Amino acid sequence: MSDLRPTSRRQKVLDVGCGTGIYCYEVARSNPNLDVVGIDLFDMVPGRMPQNTRIVTPIDFNLPSWPFAAREFDLIRNAGLSGSVQDWGSHIRKCYQ
Ligand SMILES: C[S@@+](CC[C@H](N)C(=O)[O-])C[C@H]1O[C@@H](n2cnc3c(N)ncnc32)[C@H](O)[C@@H]1O
(Lines give C-alpha, C1' and ligand atoms only; values in the text may rest on other atoms or scores of the structure.)
Protein backbone atom coordinates (compact mmCIF):
# COMPACT_ATOMS: atom_id res chain seq x y z
CA MET A 1 0.00 0.00 0.00
CA SER A 2 2.71 2.48 -1.01
CA ASP A 3 0.08 5.05 -2.04
CA LEU A 4 -0.92 5.66 1.59
CA ARG A 5 0.93 8.57 3.22
CA PRO A 6 2.49 7.86 6.61
CA THR A 7 0.55 9.23 9.61
CA SER A 8 0.90 8.91 13.36
CA ARG A 9 -2.30 6.86 13.69
CA ARG A 10 -3.29 3.47 12.26
CA GLN A 11 -4.51 3.86 8.73
CA LYS A 12 -7.87 2.55 7.55
CA VAL A 13 -9.05 1.20 4.22
CA LEU A 14 -12.71 0.92 3.17
CA ASP A 15 -13.83 -1.52 0.46
CA VAL A 16 -17.28 -0.45 -0.78
CA GLY A 17 -19.35 -3.38 -2.06
CA CYS A 18 -16.75 -5.84 -0.83
CA GLY A 19 -18.54 -8.99 -2.02
CA THR A 20 -16.70 -12.07 -0.77
CA GLY A 21 -14.15 -9.83 0.96
CA ILE A 22 -11.22 -11.09 -1.06
CA TYR A 23 -9.64 -7.62 -1.39
CA CYS A 24 -10.14 -6.98 2.34
CA TYR A 25 -8.58 -10.33 3.12
CA GLU A 26 -5.50 -9.82 0.97
CA VAL A 27 -4.87 -6.21 2.00
CA ALA A 28 -5.36 -6.95 5.70
CA ARG A 29 -3.20 -10.08 5.61
CA SER A 30 -0.33 -8.40 3.83
CA ASN A 31 -0.59 -5.13 5.84
CA PRO A 32 -1.09 -5.98 9.52
CA ASN A 33 -0.44 -2.30 10.31
CA LEU A 34 -3.72 -1.29 8.57
CA ASP A 35 -7.37 -1.72 9.57
CA VAL A 36 -9.63 -2.80 6.72
CA VAL A 37 -13.40 -2.42 6.63
CA GLY A 38 -15.65 -3.94 3.95
CA ILE A 39 -19.28 -3.00 3.46
CA ASP A 40 -21.93 -4.75 1.40
CA LEU A 41 -25.66 -5.41 1.25
CA PHE A 42 -25.00 -9.10 1.86
CA ASP A 43 -22.61 -11.15 3.95
CA MET A 44 -20.80 -13.34 1.43
CA VAL A 45 -17.57 -13.87 3.31
CA PRO A 46 -16.83 -17.57 3.06
CA GLY A 47 -14.46 -17.99 5.98
CA ARG A 48 -12.29 -16.43 8.63
CA MET A 49 -10.80 -13.01 8.05
CA PRO A 50 -7.60 -11.50 9.47
CA GLN A 51 -8.10 -9.80 12.87
CA ASN A 52 -7.56 -6.36 11.36
CA THR A 53 -10.60 -6.79 9.10
CA ARG A 54 -14.24 -5.89 9.79
CA ILE A 55 -17.03 -6.72 7.36
CA VAL A 56 -20.17 -4.69 8.00
CA THR A 57 -23.47 -5.88 6.49
CA PRO A 58 -26.10 -5.04 5.54
CA ILE A 59 -25.19 -1.55 4.40
CA ASP A 60 -26.84 -0.07 1.32
CA PHE A 61 -24.22 2.22 -0.17
CA ASN A 62 -26.95 4.09 -2.06
CA LEU A 63 -28.36 5.49 1.19
CA PRO A 64 -27.66 9.21 1.74
CA SER A 65 -24.94 8.58 4.32
CA TRP A 66 -22.68 5.81 5.56
CA PRO A 67 -22.22 4.96 9.27
CA PHE A 68 -18.65 6.20 9.56
CA ALA A 69 -16.97 9.30 10.90
CA ALA A 70 -15.88 12.05 8.54
CA ARG A 71 -12.38 11.44 7.19
CA GLU A 72 -12.24 8.02 8.87
CA PHE A 73 -10.61 6.31 5.90
CA ASP A 74 -7.30 6.88 4.16
CA LEU A 75 -8.12 4.84 1.08
CA ILE A 76 -11.50 3.84 -0.35
CA ARG A 77 -11.88 1.16 -3.01
CA ASN A 78 -14.90 0.95 -5.33
CA ALA A 79 -14.52 -2.01 -7.66
CA GLY A 80 -17.05 -3.86 -9.77
CA LEU A 81 -19.90 -1.50 -8.85
CA SER A 82 -21.05 -0.55 -12.35
CA GLY A 83 -24.82 -0.81 -12.50
CA SER A 84 -25.17 -0.81 -8.70
CA VAL A 85 -24.45 2.83 -7.93
CA GLN A 86 -27.55 4.97 -8.45
CA ASP A 87 -25.78 8.35 -8.56
CA TRP A 88 -22.00 8.42 -8.99
CA GLY A 89 -21.74 12.11 -8.07
CA SER A 90 -23.38 11.51 -4.71
CA HIS A 91 -21.40 8.27 -4.25
CA ILE A 92 -18.04 9.96 -4.80
CA ARG A 93 -19.04 12.82 -2.48
CA LYS A 94 -19.76 10.26 0.27
CA CYS A 95 -16.32 8.73 -0.32
CA TYR A 96 -14.60 12.11 0.04
CA GLN A 97 -16.56 12.89 3.22
C1 LIG B 1 -19.68 -7.29 -8.84
S2 LIG B 1 -19.60 -7.40 -7.09
C3 LIG B 1 -17.97 -6.72 -6.79
C4 LIG B 1 -17.38 -7.28 -5.52
C5 LIG B 1 -15.97 -6.75 -5.17
N6 LIG B 1 -15.96 -5.30 -5.06
C7 LIG B 1 -14.95 -7.22 -6.17
O8 LIG B 1 -14.32 -6.39 -6.81
O9 LIG B 1 -14.76 -8.43 -6.27
C10 LIG B 1 -20.67 -6.04 -6.56
C11 LIG B 1 -20.93 -6.03 -5.07
O12 LIG B 1 -21.67 -4.86 -4.73
C13 LIG B 1 -22.67 -5.22 -3.80
N14 LIG B 1 -23.75 -4.25 -3.89
C15 LIG B 1 -24.55 -4.00 -4.95
N16 LIG B 1 -25.42 -3.01 -4.67
C17 LIG B 1 -25.16 -2.64 -3.39
C18 LIG B 1 -25.72 -1.66 -2.52
N19 LIG B 1 -26.72 -0.85 -2.93
N20 LIG B 1 -25.22 -1.52 -1.29
C21 LIG B 1 -24.19 -2.33 -0.87
N22 LIG B 1 -23.62 -3.28 -1.64
C23 LIG B 1 -24.11 -3.42 -2.89
C24 LIG B 1 -23.08 -6.61 -4.20
O25 LIG B 1 -23.72 -7.27 -3.14
C26 LIG B 1 -21.74 -7.22 -4.61
O27 LIG B 1 -21.10 -7.82 -3.52
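These are my notebook entries on a predicted model.

**Entry: proline 58**

I looked up proline 58 and found it in the loop between strand E3 (53-56) and strand E4 (75-78). Is proline 58 buried or exposed? I counted 9 other C-beta atoms within 10 Å, so proline 58 is exposed, the cut-off for exposed being 12 or fewer. I then set aside its neighbours within four places in sequence and listed the contacts of proline 58, which are Leu41 and Phe42.

**Entry: strand E3 and its partner**

I went back along the chain to E3. Its covered face holds Thr53 and Ile55, while Arg54 and Val56 make up the uncovered one. E3 pairs with E2 in the parallel sense, and I noted 4 bridges. Opposite valine 56 in E3 I found isoleucine 39.

**Entry: helix H1**

Which residues of helix H1 (residues 22-30) are buried? I noted Cys24, Tyr25, Val27 and Ala28. I checked what the buried residues of H1 pack against and found strand E1 (11-16), strand E2 (34-39) and E3.

**Entry: ligand shell**

I listed 14 residues around the ligand. Those that come nearest are Gly17, Gly19, Ala79, Gly80 and Ser84. I sorted the shell by residue class and got 7 nonpolar, 5 polar and 2 charged.

Note on methods. Residues are numbered from 1 along each chain as its sequence is written. This is a predicted model: local features need pLDDT of at least 70, side-chain atom pairs count only at pLDDT 80 or more; totals for chains, interfaces and linings use all residues. Helices (H or I, at least four residues) and strands (E, at least two) are DSSP runs, numbered from the N terminus. A residue is buried if 20 or more other C-beta atoms lie within 10 Å of its own, exposed if 12 or fewer, and partly exposed in between; C-beta atoms are placed from the backbone. Two residues are in contact if their C-beta atoms, placed from the backbone, lie within 7 Å. A residue is near a molecule or strand if its C-beta atom, placed from the backbone, lies within 6 Å of it. Ala, Val, Leu, Ile, Met, Phe, Trp, Tyr, Cys and Pro count as nonpolar, Asp, Glu, Lys and Arg as charged, and the others, Gly among them, as polar. Two strands pair if DSSP finds at least two bridges between them.
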